[in-house]
Amino acid sequence: MDHRTEIIVTVLGILLIHGFIFYWVSRKSRTNIRGKHVVVTGGSSGIGLWAAIECVRLGANVTIVARNVKQLEKAKDQLVTNKVRDDQKIEYRSIDLAKSHDLVEKGLQEIEASLGPVFMLINCAGMAICGTIEETSIEDAKLMMDVNYFATFYPTRYLLPKMKAAKEGIIVITASQAALIGLYGYGAYAASKFALRGLAETIAMEAKHCGVSVTLALPADTDTPGFERENQSKPMETKIISGSGGLAKPEDVGKRIVHDALKGSFFSVLGLESWILSTLCVGMSPWKGPILCVLQFYLLGPLRLIGLLIQWNFQRIIKNCAKEKESQRE
């Protein structure tokens, strides 16, 4: 068997294994959230909105949280059209989640007073400002840590003790593939997303014995309003590197996140590329069954080789862009 044939066989094997894993995971029973209270932050648009829509379709009472009242009102109307029960409750709250823990605590207390205890928290608030480290202002770096990390930490910090006391609950932390790999032009953004992965792994260890499940969502580039704004500051190198993976639909990502969380999966990914990356970077992530762990054990070696090829390609792109910039200056 020549080298080329070995590569083809390896890739086909990975595809077959991925299909088997998807089939196996899809067979797992999921938690029923009908009549339970779900809070979705960043729920006025993008992935958060579609995650909220899926929860409504599953019969949950849903509260969406964001800052822009007009967008929240529009999103609520969309959620109402997806109700499956006459007595199903849909509400929204305008809260600046990144401002302070006290403000978030007060807002969540009002939400609980209206719709009752929160069974599931889906953290989707976030933003991205691209640029190399030296191009990223200190203000922008701090803003991304506030919006991406603390806007998730504050509501999670408030609700986690309540879920542990109730011996049940689900927390979703939406990060990004940038939580697994640092990419050119995503330095400050990736740092905030790496922080979310650390938060998710820690909570999973601290709260599992109390009946609380944690899911770390790792969406790739998704066609959202936030992604459109992100592209305005994205360096050429970043556009080429990230553009190779295509663009996911927010409705597909939102639905997958909800169903993975209800099945108790730690990672929530969509697509072969995301699954390969999450497997390659699995590290010390929580145990999620013997099947996945055995497959990860056997796949890490071959996937490491693929990862090295991907890194080589990234460096090639960066060098080519540097040459092009140099030629333009001459």
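In this predicted model, helix 4 meets helix 5 through His101, Val104, Glu105, Leu108, Gln109 and Glu112 on one side and Tyr154, Pro155, Arg157, Tyr158, Leu159 and Lys162 on the other, where contact means heavy atoms within 4.5 Å. By class, this contact has 6 nonpolar, 2 polar and 4 charged residues; Ala, Val, Leu, Ile, Met, Phe, Trp, Tyr, Cys and Pro count as nonpolar, Asp, Glu, Lys and Arg as charged, and the others, Gly among them, as polar. Helices are DSSP runs (H or I, at least four residues) numbered from the N terminus. The axes of helix 4 (residues 101-115) and helix 5 (residues 138-166) come within 8 Å and cross at roughly 50°, which makes helix 4 oblique to helix 5. Axes are lines fitted to C-alpha atoms over the stretch in contact, with angles from 0 to 180 degrees between N-to-C directions; angles under 35 degrees count as roughly parallel, over 145 as roughly antiparallel, 65 to 115 as roughly perpendicular and the rest as oblique.

Residues are numbered from 1 along each chain as its sequence is written. Local features need pLDDT of at least 70, side-chain atom pairs count only at pLDDT 80 or more, and totals for chains, interfaces and linings use all residues, while side-chain values use heavy atoms, with hydrogens and water left out.

Helix 2 (residues 46-57) packs with helix 3 (residues 69-80) at an angle of about 30°, their axes 9 Å apart, so helix 2 is roughly parallel to helix 3. Leu49, Trp50, Ala52, Ile53 and Val56 of helix 2 make this contact with Ala75, Gln78 and Leu79 of helix 3. The residues here comprise 7 nonpolar, 1 polar and no charged.

With helix 9, helix 2 packs at an angle of about 55°, the axes lying 7 Å apart; helix 2 is therefore oblique to helix 9. On the helix 2 side, the contact includes Gly46, Ile47 and Trp50, and on the helix 9 side, Val253 and Ile257 are among the partners. Its residues divide into 8 nonpolar, 3 polar and 3 charged.

Note on methods:
Helices (H or I, at least four residues) and strands (E, at least two) are DSSP runs, numbered from the N terminus.
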